[in-house]
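Me: Please take a close look at the charged side chains here and how they pair. I would like one connected walk through them, with cut-offs.

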Amino acid sequence: MNALGHAHPRIVKVIREQASRAIHVSNLYYNEYQGRLAQKLCQLSGLQRAFFANSGTEAIEGALKLARAAGRRSGTTGKCNVVALAGSFHGRTFGALSLTGQDKYRQPFEPMLPGVTFVPLNDVEALRQSVDDSTCAIVLEPVQGEGGIRECSPEFLREARSAADLHCAVLIFDEIQCGLGRTGSMFAFQQAGVTPDVVVVAKPIAAGLPLGAFVAREELAGAISAGQHGTTFGGGPLTCRVALEYFSILEQEDLLTRVTRVGAYLHEQLQSAGKRSAVVREVRGRGAIQAMELNIPARPLVEQALAEGVLFNSTQETVLRFLPSFLLEEKHVDRGIRVLKKLLGRAKKAAAA
C-alpha cells in the first residue's frame, strides 16, 4: 500500500542514503533503526513488545504462534482453538488462510488447520457462545478490508475484549489494511476504545517496501523464547529506516487530519453519487478506507475507470473499494467522482436495457 503515493521525495532520499550503507544485516546483530521502530510502534499502540516480519501474512503467523504458545503455557489442556470472523481475510499461508472466513480462498487448499470457528460479523451472542476455555485466540479485523469494508461495531469489539479476558484468550486485531492512519487515527481500534493483546500491521508501514510486525503486551510476549520464532529479512535497516520516515511524514505533515477531512469529503461525494444511481446499494467506511456496494458486478466498472485514468478496486463481486493515498486532496476526489458518476450512469442504462 503506497499510502504516501509514489516517489515521495523524503522516502526516495532515505532509501538512497540507506542503500549506500546497509540494506540487510543478520538479526543476530542490533541495528539502530529496528530498535527505534519497535519503540515507535509500542508508543503508538500502547503495547510493549514488537516483532518484525516481511509481510502482514507472516506477522499473522507469528501472532498465531504466540497465542498458541500462551495457551500451552497456561497449563489448560487443549487450549489451542481460534475464533475468527466470517468474511475476514488474513493472508494466504496455511495459518493465515485457516483464519480467513471466505470459502473462495480456502476450498482449493483444504484441509485447513483444525480448531477454527467462524462467527458472523457483529453477532455479539454468536461470539459469546463460541469462545470458551479451549480458545487460545480471537482474531479479527476492526475494519474488514478485502471483505468489503465492513466495520466491527464498538459493542462487538468490547464483547471480544470481555470474552478474551473471561477465558484467558489472546485478542488479536489484524490492522494490516485498516491501521497506521487509514481510518484517520493511527489504529482503528483507538476509535472504539478497545485495546487488543496483539495488533498486526504491515502494508503502508515501509512505503511499499516489504515489512510487517506484530506488537504485543509485555507479559504475553514472554510466551515465546529466543529461537522459537524467527525471520531472515524482517526488520532490516533499510525497511526500518523507511518506516521511521513514514511515521515522521505522517506527523510532520499532519496527514491523519487530512485523511479525516478528505475522507469525510469522499464519503459525502460517494453518498451523493449513490443516491442518484439505482445500481448503488450502500456506501460505507471512513477516512481512506471506503466502499460502494452495487447491485451489479463491480469488476467492469473497475476496468472502465482504469481506462479513464482512475484507479479503484473490487475484491468482492459487487463492491467497489477505495483505498487512496493519504495525500489525496478534494480536487482528486472531484475528478474521481466525475468518472464514477459517468460509469454509474452507463451501468444504469445497461441494466435497464
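**Charged pairs up close**

Reply: Happy to! R10 is partly exposed, with a relative accessible area of 23%; buried means under 20%, exposed over 50%, and partly exposed lies in between (1.4 Å probe, protein chains only). This is a predicted model, where local features need pLDDT of at least 70 and side-chain atom pairs pLDDT 80 or more, while totals for chains, interfaces and linings use all residues. Residues are numbered from 1 along each chain as its sequence is written, and side-chain values use heavy atoms, leaving out hydrogens and water.

R10 forms a salt bridge with E245, their closest N and O atoms being 2.8 Å apart; the term means a Lys or Arg side-chain nitrogen within 4 Å of an Asp or Glu carboxyl oxygen. The pair links distant parts of the chain, joining helix α1 (residues 9–19) to helix α10 (residues 237–252) across 235 residues. Helices (H or I, at least four residues) and strands (E, at least two) are DSSP runs numbered from the N terminus. E245 counts as buried at 18%.

A second pair, E151 and R286, meets at 2.9 Å, N to O, linking strand β6 (residues 150–151) with strand β10 (residues 280–286), 135 residues apart. E151 is partly exposed at 28%, as is R286 at 22%.

E125 and R128 also form a salt bridge, at 2.7 Å, N to O. Because they are three residues apart in helix α6 (residues 124–130), about one helical turn separates them.

The whole structure has 21 salt bridges, and R150, R281, E282, R284 and E293 are linked in a network of them.
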